[in-house]
Amino acid sequence: MRSLLFVPGDDERKIAKGLASAADALILDLEDAVAPQRKAAARELCAATLASGNARMKLFVRINALDTPAALLDLAAVVKARPFGIMLPKCRSGEDARLVSHYLTALEARDGLPASDIRILPIVTETGGSMFGLGSYDNPPIPRLYGMLWGGEDLAADLGAITNRDEDGRYAAPYLLARSLCLFAAAASSAIAVDAVYTNFRDPAGLKQEAIAGLRSGFSAKAAIHPDQISVINEAFTPTAADIEAAQQVIAAFDASPGAGVVSVGGKMLDRPHYRTAQRVLARAAGA
Ligand code: COA
Ligand code: MG
């Protein structure tokens, strides 16, 4: 999975456009993109969209935060239509994700669905407090945990910041820390790390730069807010022919020396971590 497109859960036109896009996943949003008086209608539309079976991509539903009464109403409305996953915003720690997992277990039983089928993709850096919960996702493990998304917009609002970017347009230090800690937390939990949205949707060059930087540091995918962003993200996260060839060379060098811990390719020392990285490139290529 390379690209995840947010779609307001009450907007039929955008949902149709999202379903027709090349995104690898859609996130049907019930939270911030939907006004309070539209939440009930949005739940019905999201459930109908899931039930229609029209999607070739993975479908997630972003529910409302657990400290609002809407969260349980959201889950009660959409679980029966079997989303691929639930996105949990404002997730404070592993405890929040575990609570959603228990809710899902109960609702799967209610609706006669296979147990533990629906995944969880929390947004793990949206408040100052959530930063201190990032060490709590792996112990005990959460089998439903599919990935983790970091976000810099709500975090800036929580911190009282004027902006989350420096004058040169790059993320300021607190947000770079959040981004890095999301990567570490995801790796600790064997979950995929998903890079934050790039809100300037008329700037494909800036998006491309940020997507490639994300890939280079370990993100598997990037979230999007506009269909125009999908091709840029998909391309950034798809290994090129040269990437694949280089990875195949690394694998071949190890295969040619079974039992060797270290080999050399093109004058460079390669050991176990390089082998893992090469495998990851080939897995990404196969998935793309
Ligand atoms: N998913 C699907 N379709 C979308 C879309 C999205 N996220 N964003 C825009 N589109 C559609 C528009 O409906 C429009 O379709 P049309 O030509 O059939 O009318 C087309 O793409 C072009 O849209 P454009 O005019 O460039 O943008 P806009 O001003 O209509 O919308 C936003 C701008 C930001 C409001 C819109 O992109 C959006 O709603 N994004 C998602 C917001 C969201 O979910 N946020 C929560 C998570 S951060
Ligand atoms: Mg938000």
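This is a predicted model: local features need pLDDT of at least 70, side-chain atom pairs count only at pLDDT 80 or more; totals for chains, interfaces and linings use all residues.
**Helix α1**

Then I looked up which residues of α1 (residues 12–19) are buried, and got I15, G18 and L19. Why do I say they line one face of the helix? Looking down the axis of α1, I find the buried residues within an arc of 95°, so they sit along one face.

Next I checked what the buried residues of α1 pack against. My list reads β1 (3–8), β2, α2 and β3 (58–62).

I also had a look at the start of α1. A side-chain oxygen of D11 comes to within 3.2 Å of the backbone nitrogen of R13 there.

**Magnesium site**

Which protein donors does the magnesium ion (ligand 2) have? I found D32 (OD) and D154 (OD), at 2.1 to 2.2 Å from the ion. D32 is in the loop between β2 (25–29) and α2 (39–52), while D154 belongs to helix α5 (residues 153–159), so the pair ties together parts 122 residues apart in sequence.

I looked up accessibility for both. D32 has a relative accessible area of 47%, which I log as partly exposed. D154 is partly exposed too, at 22% relative accessibility. The cut-off for buried is under 20%.

**Domains**

Last entry: the domain assignment gives me domain 1 (3–237) and domain 2 (241–287). I put the C-alpha centres of domain 1 and domain 2 at 32 Å apart.

Note on methods: Residues are numbered from 1 along each chain as its sequence is written. Chains are lettered from A and ligands numbered from 1 in the order in which they are written. Side-chain values use heavy atoms; hydrogens and water are left out. Donors are N, O and S atoms within 2.8 Å of the metal (3.2 Å for Na, K and Ca); water is not among the atoms, so sites may look incomplete. Helices (H or I, at least four residues) and strands (E, at least two) are DSSP runs, numbered from the N terminus. Buried means under 20% relative accessible area, exposed over 50%, partly exposed in between (1.4 Å probe, protein chains only). The arc is that of the directions from the helix axis to the C-beta atoms. Contact means heavy atoms within 4.5 Å. A polar contact is a pair of N or O atoms within 3.5 Å; within protein, one must be able to donate a hydrogen and the other to accept it, and residues adjacent in sequence count only if both atoms are side-chain atoms. Domain bounds come from an automatic or database domain assignment.
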